[in-house]
Amino acid sequence: GNASRLAAINTITNGKAISVEMPEPLSKIWACDVFSLSKMEESLSKNAFKAIKNTVQTGAPLDPATADVVAAAMKDWALGKGAKFFSHIFYPMTNATAEKHDGFIVPNAEGVAITEFTGSLLIKGEPDGSSFPNGSLRMTNAARGYTAWDPTSPCYIMHTANGPTLMIPSVFMSWTGEALDKKIPLLRSNSAMNKAAHKVLSLMGETNIATLNASCGAEQEYFLIDENFAAARPDLRLAGRTLFGAPPAKGQQFDDHYFGAIPERVQVFMQDFEDRLYRLGIPAKTHHNEVAPGQFEIAPYFESANIAADHQQLLMTVLKNTAKKHGLHALLHEKPFAGVNGSGKHVNWSVGNSTQGNLLDPGSTPEKNLNFLLFCGAVIRGVHLHGPLLRAVIASASNDHRLGANEAPPAILSVYLGDQLEKVFTDIQQGNLAPSKCGGVMDLGLAEILTFTRDPGDRNRTSPFAFTGNRFEFRAVGSSQSVSGPLVAMNAMMADSLNWIAGKLEAALNSGLDQGSAVIAVLKELMDAHGNVLFGGDGYSSEWHTQAVDERGLANNRTSAEALPALLEQSVQDLFKNTGVLSPVELQSRYEVYSEQYILSIEMEAKLTMDMATTSIYPAAMTYLSELCSSISGAAAMGIGLDNGVAKKVAAEADAMMQTVAALATATEKHDFASIEAHMQFCAHEIRPLMDKVRSHADSLEMTVSDAAWPLPKYSEMLFIR
Ligand code: ADP
Ligand code: MG
């Protein structure tokens, strides 16, 4: 029956709003739970501080003696905050985070508790490696895995129900040193990009080049629904999305939610959420309603990629926990509700340093423009050569629901530069920007770029990879994903392209060309080979899909089953091997882990589909059918003829649904697949369509069966009651 559904609605409508608390001033809470450089400076000797600061800023190794000193200061700080436990936090190949908590306490011989925390405890932990996915690395790593402190990402206090805990951001590797996580490749990709960028900048005559870092600012979209609804829907609880649900009469057709007034209950939640982020030193910057009802976005200010990636993971955790406290359920799934806009995570990315600045910023001087054009060209080449890789790193069962669904970028990777900049590159390609035209100072006639408009109206929302004034925005990333995979791919392709550019540039300069002519020559060659990836039109249109594939030879890997095998391509192996980001065996293990996750999540959803159809939707249909039948036969006994069309429809839909459930059950029993790829193909093209078919019968029942008999909270309720 519908008891739990009605109880949920009742509880929500009679619930008391959580009262608004006065927020603490920013100055009081900002990063108060972070063991930041300034806190280290207060508690460390001058020499120790100098050593750790150097490590934090350049990644230089820390000597064990200093590590001991830092550990002691960190312990004092954490104990002062009431922490009794510490934990290395790491980022396995799932999109989740993992922790292993240890007490500071060590009883001494007299049985008196003392606290201990040495440099070696800070630096290294030893969780059980076999309990995390590791693909084929399982063979080589036995059970042992190590976590090791990443001193470039600050430690912090996490407040949970069991008290404050000191969290230590860490890498996670096998005992043979293979990366089992998402942080190691990210750090390696950054250093490969840094090396390659150095080469190019030196050739451009730059001296005093500081370490280059990728930056990342991620815009996180999410849904909030009342937790009572989530409790009444096994699909939301287990799969994070609705596997059933008829479209409501009112959806997002009025566009009245986007940038509208934020509902009060959500405002209170956001304030609490952001205060918690501020305490953790996460610079939450903007928030607003998103397109769909019940959908919101939060975007922190950008930070260096490694820290931004850690903060992104933390943000997702804090988001879920804070929502819970407010009686809300946060949905980070890419497509929680069919027919309603999905959620993405736009990853804004640039590369730069403290001496040359942001290399993807056109800047205001001609010399900077040349650097900018080279770095921008590197991106164009990278996306063209490695589009399938970029598609693979955003592949997941959940993101498949969103990509190409006419609301999110297509699965085809193209680059949007905007009219002005695209013209500069095509002019270079066509020889219209020949440096011979510009005498003396090399200004390339690029006056437009110098005053590059940063008008947000000049944005192409249908492009998966768009230049937005001083950065690229990778818009196809899924809302539930770690940003690390996309950042690794972008940094690696950048490193590869910059290396290529350095080689060409060096040759051109050696042949006697002046700097400007050499840059133009290299960019012309680059555009001839890769200009095809530039596209400023409507990425949602069917013409683009045809043109991209047939005329431009770009890949359109629609599902993860098609996208993930790109990780095995020779070009991807070479890219990662040459940049030192992932060894072939590390890459192979990632393919296996991501493919397995894809298969497991579809199989889990298939089981849940069968379960909900059989144990809750079918019984509701039968209850209603028996009511209809007894009314019809009762009426007939009194000589009243009732139309039995509705009864017949319910019976037919219910029967058809259960027949499809049976077909789905048979399909899920198949296990003899020739390869992981074949298994993924089966999930994408056999299992998923059967699930959709079960759903369509169920949704048709939802629109026919008496509201009073319907067991599951409906879209109109979940999206609008709060
Ligand atoms: P929009 O929704 O218009 O794209 P937002 O302000 O919501 O803009 O988000 C833009 C994101 O891009 C923010 O996280 C911002 O800090 C980040 N960002 C800005 N400049 C850079 C940059 N140079 N490199 C990386 N990220 C950046
Ligand atoms: Mg954006």
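# Chatting through a predicted chain

Reader: Where does Ala196 lie?

Author: Ala196 lies in helix H8. Helices here are DSSP runs of H or I with at least four residues, strands are E runs of at least two, and both are numbered from the N terminus. This is a predicted model, where local features need pLDDT of at least 70, side-chain atom pairs count only at pLDDT 80 or more, and totals for chains, interfaces and linings use all residues. Residues are numbered from 1 along each chain as its sequence is written, with chains lettered from A and ligands numbered from 1 in the order in which they are written.

Reader: OK. Is Ala196 buried or exposed?

Author: Ala196 is buried, because 24 other C-beta atoms sit within 10 Å. The cut-offs: 20 or more other C-beta atoms within 10 Å of a residue's own is buried, 12 or fewer is exposed, and in between is partly exposed, with C-beta atoms placed from the backbone.

Reader: And what is Ala196 in contact with, leaving aside neighbours within four places in sequence?

Author: Ala495, Leu498, Asn499 and Ala502 are in contact with Ala196 once those neighbours are left aside. Contact means that the C-beta atoms of two residues, placed from the backbone, lie within 7 Å.

Reader: How far is Ala196 from Gly485?

Author: In space they are 20 Å apart, C-alpha to C-alpha, and in sequence 289 residues apart.

Reader: Zooming out, how many helices and strands are in the chain?

Author: The chain has 24 helices and 19 strands. Its radius of gyration is 28 Å, close to the 27 Å from the globule rule for 722 residues, so the chain is as compact as a globular protein of that length. That radius is taken over C-alpha atoms, and the rule is 2.2 Å times the number of residues to the power 0.38.

Reader: What box do the C-alpha atoms fill?

Author: Roughly 105 × 80 × 55 Å, taken along the principal axes. Of the 722 residues, 50% are buried. As for contacts between residues at least 6 apart in sequence, 77% join residues at least 24 apart.

Reader: New topic: ligand 1. How many residues surround it?

Author: Ligand 1 has 16 residues around it, the closest being Gly217, Phe302, Asn348, Ser350 and Arg471. A residue counts as near a molecule or strand if its C-beta atom, placed from the backbone, lies within 6 Å of it.

Reader: Which strands each supply at least two residues of that shell?

Author: Those are E10 (213–226), E12 (295–300) and E15 (345–353). E10 gives the largest share of the shell, 4 residues.

Reader: And how do the shell residues divide into nonpolar, polar and charged?

Author: The shell around ligand 1 has 7 nonpolar, 7 polar and 2 charged residues. Here Ala, Val, Leu, Ile, Met, Phe, Trp, Tyr, Cys and Pro are nonpolar, Asp, Glu, Lys and Arg are charged, and the others, Gly among them, are polar.

Reader: Helix packing next. At what angle do H14 and H17 cross?

Author: The axes of H14 (residues 419–430) and H17 (residues 515–530) cross at roughly 100° and come within 8 Å. Axes are lines fitted to C-alpha atoms, for helices over the stretch in contact, and angles run from 0 to 180 degrees between N-to-C directions. The two helices are therefore roughly perpendicular to each other. By the cut-offs, under 35 degrees is roughly parallel, over 145 roughly antiparallel, 65 to 115 roughly perpendicular, and the rest oblique.

Reader: Which residues meet there?

Author: From H14, Phe425, Ile428 and Gln429 meet Ile520, Leu523, Lys524, Met527 and Asp528 of H17. That contact divides into 5 nonpolar, 1 polar and 2 charged residues.

Reader: Back to the backbone. What's the phi of Asn208?

Author: Asn208 has a positive phi of about 55°, although it is not a glycine. Asn208 lies in the loop between H8 (183–203) and E10, and counts as exposed because it has 6 C-beta neighbours inside 10 Å.

Reader: And the phi of Ala31?

Author: Ala31 has a positive phi of about 55° and is not a glycine either. Its loop runs between helix H2 (26–29) and strand E1 (34–35). Ala31 counts as partly exposed, with 17 C-beta neighbours inside 10 Å.

Reader: Last one: what does Ser616 touch, not counting residues up to four places away in sequence?

Author: Ser616, in helix H21 (residues 584–637), touches Pro711 and Leu712 on that count.
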